[in-house]
Amino acid sequence: MMAPLFSSKLLLVLFFGTLFGLILGVLPGLGPTTGGALILPFTMTLDPLSAVVLLTSIYCAGTYGGAITAILINTPGTPAAAATCLDGYPLAQKGEAGRALGMATVSSVVGGIFSVIVLVFFAPFLAKLAYEFGQPEYFALAIFGLTMLASIGDGSPIKNLIAGAFGILISTVGKDFMTSIDRFTYGINELSVGIGFIPVVVGLFAISEMLTQSTLLNQVFKRVALKAVKLPTLEDYKLTWKTILRSSGIGSFIGVLPAEGGTVASLIGYSEAKRWSKKPEEFGKGSIEGIAGAEAANNSATGGAMVPTLALGIPGSATTAVILTGLIIHGVRPGPDLFREQPEFLYGIFGSMLIANIMFFVLGFFGAKIFARITLVPNKLLWPMIFAVSVCGTYSLSQSLLDVWIMLLFGVIGFFMRRFGFSVVPVIIGLILGELVEGTLRQSLVIFDGNWLMFLQRPIALTFFILSFIALIFPLITRKKNNYE
Amino acid sequence: MNNVRKQKRANKNLPFFVKDEFKVSFIIIFISSILLISTFSFDIVPPILNRGIQPATFPKALLVLIISLNLIIYYLSIKKPWKVQKKLPKTFFLTLLSFLIFVIISKILDFFLAISLLSFFVSYYWGERRIFYLALVSIIFPIIVFIFFETILGLRFPPGIITNIYYQF
């Protein structure tokens, strides 16, 4: 499995990916999704395996990196680390920052490795199942993936669905792939090839975040001093091993669900840790179990989220949507054929995730103090630099200024979407799945001679439609009314 | 929690057309409607070439879905108003303005100059006053990025007053 990775080039890519991921994870507002989007144009100079190894190592390390800022400055470096703040910061305030970070590091690594094992065994199984899929089944599956958007984060399910539909709409810009008829091009030749993934991804994540940061300039972070990261004691292990394993299972399962990711996983992992704890009253006041529960869950979601991404081509989370974009721009189409035709490529991905987890353990353990200092880089210097990289990276893809303007436009759209409670993640997932949804729908209708009811006569497709219905109805039933605004 | 309630109460007393929920829904429905109308001008495929549905049908369905979901959101917001958002600070508008200036300068004058000026102004508006750091952000870093993209990635930047000088060397 690891053989393809034993080349100095790939190990170097892995090292830089892990290092870069940690830096991104530590910086509030960046994180592996935005960072992955920023690095996408650079991956064009790499071969497909190196590119995806870089992106997955950023994903693994970035997810962990968020815990460092969550514990030391009470600001999650990534949304997935939000639950870590609840107990990480109070414990750090008690003078036990090193212990908190040590537990976060160990539980992250265990969760991450656990999820890679799930990925190794479950992804080929899912891909095998997908061999049974025809166009109607893929259409139903893509619809299921999109309806899962309704339950992303804690925002309104309806707003998430609007954002997803907007993403699909963007995918329809350009020449229709079946008839070559122009759609929404308005006479602009460059639009006939469609709107690229990268300008939209960089705009929605990096540029919109830059605008958000422009509204938060007076924010002051209170930092807790860190002497050194401490490995958990035997007592800590005894107290948390069950929590770590439980959260690893929860995180991997949530990660496998299309569109769900580390944020949901960490919140559920945290609340389950509290529910099963012998000392639930300590949660929120610096409980070591709380840190373990949240961190094991969010890192185990990384491998879980890669399962549908690789086996079905349906992103399991926002960052895997970026990784999927990376695969697509390198001409790799995930799905069952990838498992049959390029197993070495997949072993490379599995192995890289495993090594990335070990690498961020070492880097996090010895370098957390240095990484924590990165938060001292002021936004007034950091974001103009990120802008320069975003602009050049976006321009580099097709050497078109239009792409840069599209990126800026989506930055502004993304800012206002976030301001009014619309998540930007569904837009990306919609954009990625748009072609699949439309293509499979139209091809199915050709097969069925225009008879829509035929979808319901295919058992697998029908199952996905029922699951989609449940995915739509479930958040509407379970969430409080005020979330639908 | 109390603040959210206060904000929501304050929002309830505003006339409907100044409320965020109305403005957001109106803008989305307005743009969607324009796009929906434009789909009627898409070419129609003759039945013999048509496979399944017409090219305009799918985007039309999406736009109708977006409009319908927005109407639901607006209806729900009448019962439960959104919380009033804080006013956007001056720095936000200056950043937005600098994007616009970036677009104009990159098109008319020079791509590098546009990046450099935007970096300078954004850094300055956001509070940086030290000359060295302003130069770092607006000159040194963009040069490093340019050289990196140009030499390592083999990128050719669009011609402009500064880029042309660079390419002459």
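Visitor: Are α14(A) and α5(B) roughly parallel or roughly antiparallel to each other?

Guide: Roughly antiparallel. The axes of α14(A) and α5(B), residues 111-125 of chain B, cross at roughly 160° and come within 9 Å. Angles under 35 degrees count as roughly parallel, over 145 as roughly antiparallel, 65 to 115 as roughly perpendicular and the rest as oblique. Axes are lines fitted to C-alpha atoms, for helices over the stretch in contact, and the angles run from 0 to 180 degrees between N-to-C directions. This is a predicted model, where local features need pLDDT of at least 70 and side-chain atom pairs count only at pLDDT 80 or more, while totals for chains, interfaces and linings use all residues. Residues are numbered from 1 along each chain as its sequence is written, and chains are lettered from A and ligands numbered from 1 in the order in which they are written.

Visitor: How are the helices assigned?

Guide: Helices (H or I, at least four residues) and strands (E, at least two) are DSSP runs, numbered from the N terminus.

Visitor: Which residues meet between α14(A) and α5(B)?

Guide: On α14(A), K380(A), L381(A), W383(A), P384(A), F387(A), A388(A) and V391(A); on α5(B), I115(B), L118(B), S119(B), V122(B) and S123(B). Two residues are in contact if their C-beta atoms, placed from the backbone, lie within 7 Å. By class, nine residues of that contact are nonpolar, two polar and one charged. Ala, Val, Leu, Ile, Met, Phe, Trp, Tyr, Cys and Pro count as nonpolar, Asp, Glu, Lys and Arg as charged, and the others, Gly among them, as polar.

Visitor: And the handedness, left or right?

Guide: The crossing of α14(A) and α5(B) is right-handed. A crossing is left-handed if the near helix is turned anticlockwise from the far one by less than a right angle, and right-handed if clockwise.

Visitor: How many residues are in contact across the two chains?

Guide: 48 of chain A with 54 of chain B. On the chain A side, the elements giving two or more residues are α6 (157-171), α7 (197-214), α14 (379-398), α15 (401-419) and α16 (425-447). α14(A) gives the most, with twelve residues. That side of chain A has 29 nonpolar, ten polar and nine charged residues.

Visitor: What does chain B consist of?

Guide: Chain B has seven helices and zero strands. Of its 169 residues, 26% count as buried. A residue is buried if 20 or more other C-beta atoms lie within 10 Å of its own, exposed if 12 or fewer, and partly exposed in between; the C-beta atoms are placed from the backbone. Among contacts in chain B between residues at least 6 apart in sequence, 63% join residues at least 24 apart.

Visitor: Back to α15(A). What do its buried residues pack against?

Guide: Against α6, α7 and α14 of chain A, together with α4 (90-108) of chain B. The buried residues of α15(A) include D403(A), F410(A) and M417(A). α15(A) has 19 residues and reaches 27 Å from its first C-alpha to its last, close to the 27 Å expected at 1.5 Å a residue. The expected span is 1.5 Å times one less than the number of residues. Just after α15(A), G421(A) takes a positive phi of about 85°.

Visitor: How many residues of α5(A) are buried?

Guide: 13 of its 13. α5(A) covers residues 135-147 and reaches 18 Å, close to the 18 Å expected.

Visitor: Is F122(A) buried or partly exposed?

Guide: F122(A) counts as partly exposed, because it has 19 C-beta neighbours inside 10 Å. It is found in helix α4 (residues 82-130) of chain A. Leaving aside neighbours within four places in sequence, F122(A) is in contact with V256(A) and V307(A).

Visitor: Where is G286(A)?

Guide: In the loop between α9 (262-276) and α10 of chain A. G286(A) is buried, with 20 other C-beta atoms within 10 Å. Its C-alpha is 8.1 Å from that of K94(A), 192 residues apart in sequence. Beyond four places in sequence, G286(A) is in contact with D87(A), P90(A), L91(A) and K94(A).

Visitor: Last one. At what angle do α8(A) and α10(A) pack?

Guide: About 30°, with their axes 6 Å apart. α8(A) and α10(A) are therefore roughly parallel to each other. Their contact has 14 nonpolar, 14 polar and two charged residues.
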